[in-house]
Amino acid sequence: MDTTAPSSDIPPKVLTLLMIVRGKGDSREILLGMKKKGFGAGYYNGFGGKVETGETIEEGAQRELREEAHVEALDMERRGVLRFIFDDNPQPWEVHVFHATEFSAEPLESEEMAPVWFPTANIPFDKMWADDVYWYPLFLGGKCFRGELFFTKTTTLVKHTVEEVPGPPFTWS
Ligand SMILES: CNc1ncnc2c1ncn2[C@@H]1O[C@H](COP(=O)(O)OP(=O)(O)OP(=O)(O)O)[C@@H](O)[C@H]1O
């Protein structure tokens, strides 16, 4: 193996992140979960995880939501793709961000996540990943977006670019 290869030569790990938004206008609320264990424990985040071999990215997003909150999203739509680059991990992460408004049942706590509805005007960014504050405005504004975000020591955001792209639907070019 060529250990001198830049991180961009390593195929990214593909993950999903899905947020449900309910209500309209000023009374909109977003479902986040307090991550109870594993990567990002102690942070509020949407629902998601690694896409497994043999499943599509959409199937992965649905499976993670089912495992973490015991619900199905009925109108899931991809809104963005974020690339995370870590100084302490040679493999970049490619996170596919999904939006949904319709869901099958009241979300329930799981081993991994404790779900909480937050007013969209009162999102707990101080208890979330440092990148979220840069792309949530586009996400909540109904836009599509792409971003590249550089972290040191796993959690410190040192550089970022986030841009709006055409859509929805999200397209790659
Ligand atoms: C660095 N900045 C970040 N900002 C916002 N969200 C981030 C993130 N980095 C990772 N995420 C999300 O956090 C979840 C981790 O998932 P994670 O628990 O590791 O996955 P999975 O359930 O497959 O794990 P295990 O099976 O327990 O290994 C997953 O939704 C992923 O998209």
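## Report on strands, a helix and a ligand shell

Val 165 is located in strand β8. The model described here is a predicted one. Val 165 counts as partly exposed because 16 C-beta neighbours lie inside 10 Å, whereas a buried residue would need 20 or more. Leaving aside neighbours within four places in sequence, the contacts of Val 165 are Cys 144, Phe 145 and Arg 146. Phe 150 is 15 residues from Val 165 in sequence, and their C-alpha atoms are 20 Å apart in space.

**Strand pairing**

Strand β5 pairs with β1 and with β4. The table sets out the two pairings.

| Strand paired with β5 | Direction | Bridges | Example of opposite residues |
|---|---|---|---|
| β1 (residues 13–22) | parallel | 8 bridges | Lys 13 and Trp 93 |

Strand β5 itself covers residues 89–100. How many residues does the hairpin from β4 to β5 pass through? The hairpin joins these strands through 2 residues. As a general point, side chains in a regular strand alternate between the two faces of the sheet.

**Helix α2**

Helix α2 covers residues 132–140, and its buried residues are Asp 132, Trp 135, Leu 138 and Phe 139. Why do they lie on the same side of α2? They are on the same side because they cover an arc of only 135° around the axis. The general rule is that an α-helix has 3.6 residues a turn, so residues three or four places apart point the same way.

What do the buried residues of α2 pack against? Their partners are β4, β5, β7 (144–152) and β8 (156–165). After α2 comes Gly 142, which has a positive phi near 80°.

**Ligand surroundings**

There are 15 residues around the ligand, and those that come nearest are Phe 39, Gly 48, Gly 49, Lys 50 and Trp 129. By class, this shell is made up of 7 nonpolar, 5 polar and 3 charged residues.

**Annotated span**

An unreviewed UniProt entry lists residues 11–141 as "domain: Nudix hydrolase". In the model, 17% of this span is helix and 37% is strand. The C-alpha atoms at the ends of residues 11–141 are 31 Å apart.

Definitions and conventions: Residues numbered from 1 in each chain as written. Predicted model: local features only at pLDDT ≥ 70, side-chain atom pairs only at ≥ 80, totals over all residues. Pairing = 2+ DSSP bridges. Helix = DSSP H or I, 4+ residues; strand = E, 2+ residues; numbered from the N terminus. Near = placed C-beta within 6 Å. Nonpolar A, V, L, I, M, F, W, Y, C, P; charged D, E, K, R; others polar. Buried ≥ 20, exposed ≤ 12 C-beta atoms within 10 Å, placed from the backbone. Arc of directions from axis to C-beta. Contact = placed C-beta atoms within 7 Å. UniProt positions renumbered as here; feature names shortened; annotations may be inferred.
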